[in-house]
Amino acid sequence: MDRRKFLKTATAVAVAGGIEMAASESSPVRKIMTVRGEIDATALGVMLPHEHLLVDFIGADRVSRERYEADTVFEAVLPYVQQAKKLGLGALAECTPDGIGRDAALMKRISVASGVHILTNTGCYNASDGKYLPAYAREESADTLAARWILEWTKGIEDTGIRPGFIKIGVNGAPLSAMDQKLVRAAAQTHLATGLVIASHTSSGSAALEELAILREEGVDGSAFIWVHAQAEPDTKCHRRVAEQRAWLEFDGISCETIAAHVTLVKENVYYGFLGRILVSHDAGWYAVGEPGGGAFRPFDALFTTFLPSLREAGFSDSDIQRVTRDNPHEAFAIRKRTV
């Protein structure tokens, strides 16, 4: 099936499934899909775009729900989400993909109990040399993978009826491997059919630029791409080259030990005019399956208690902070097709 026919078919499937197609770039409608259903973006409040509540690093070939008790994880994780809500959190994107322990039903349960909106994802993760890549992803073409991910959008994940709020992929370094490129193309096709943003674990600027080039080939605008872990790239010129293409710079990994470095990253990119392309998050949590008691859970608090006060001390206004913690993530995760 050629690309144009594929996308036409995917769109027809979405419509037949009763799914309202993504708004265009110019549409004033801003909707976001959470584990509890679609809501107005403005209802999210402060949003953390990259966190984890549950992970299982045993490998995609061995990951299983039988390796943990959902009730135990729920009781361990809920207090941390409730704590973040008291600090001002309204929503978070749970970035654990299929192959590392994604559990949409558990995320919905935690969302309902805490009052925090949670987004789960579709997609596959090839970073770490493919340890967490499901076997089907190795065998299927980009078109077939995209059809699989689009089906999760139209019908829900597994038998839960819960729909993804974004596409999560992970790539290795540059140059991108054939597998990495396949995931990017599948993500592009899925975006064009669903309007979901693509969040890609990408540790180097060269790899991010390669991904953006592939997205352009597929007809996807840079504003549909979140460069996850952008802080790992030491060449800040790469940040600017990516932001110039309207992609999102996600500076995650915020902790009490990284505050100064993260403030510097934000300041530098704001200096060059990219306040509207910045996302910030902890990349924290998480209940680690297989570790005693789930391991050492890192709370979602440093952004509220230390990072945002440090931004204010650095001269950032309340409107600047609202832009980074509310407006930008709302815009990034809004369901709409973004085409070149």
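The lining of the largest pocket consists of 8 nonpolar, 5 polar and 2 charged residues. Here Ala, Val, Leu, Ile, Met, Phe, Trp, Tyr, Cys and Pro count as nonpolar, Asp, Glu, Lys and Arg as charged, and the others, Gly among them, as polar. The model is predicted, so local features need pLDDT of at least 70 and side-chain atom pairs pLDDT 80 or more, while totals for chains, interfaces and linings use all residues. Residues are numbered from 1 along each chain as its sequence is written, and side-chain values use heavy atoms, without hydrogens and water.

The largest pocket holds about 180 Å³ of space. Of its 15 lining residues, His52, Phe57, Ile100, Tyr125 and His201 are the closest to its centre. A pocket is an open set of points on a 1 Å grid over the protein atoms alone, where a 1.4 Å probe fits, with protein on both sides within 12 Å along at least five of seven lines; lining residues have an atom within 4 Å of a point. Its volume is the space filled by probe spheres set on points joined across faces, edges and corners.

The chain contains 11 helices and 13 strands, which are DSSP runs numbered from the N terminus (helices H or I, at least four residues; strands E, at least two). Three of the strands form an open, parallel sheet in the order β3-β5-β6, where pairing requires at least two DSSP bridges. Since β3 (46-51) and β6 (117-119) stand at the edges with a single partner strand each, one side of each lacks a neighbour in the sheet. Between β3 and β5 (residues 89-94) there are 4 bridges, and Met47 stands opposite Ala91 in β5.
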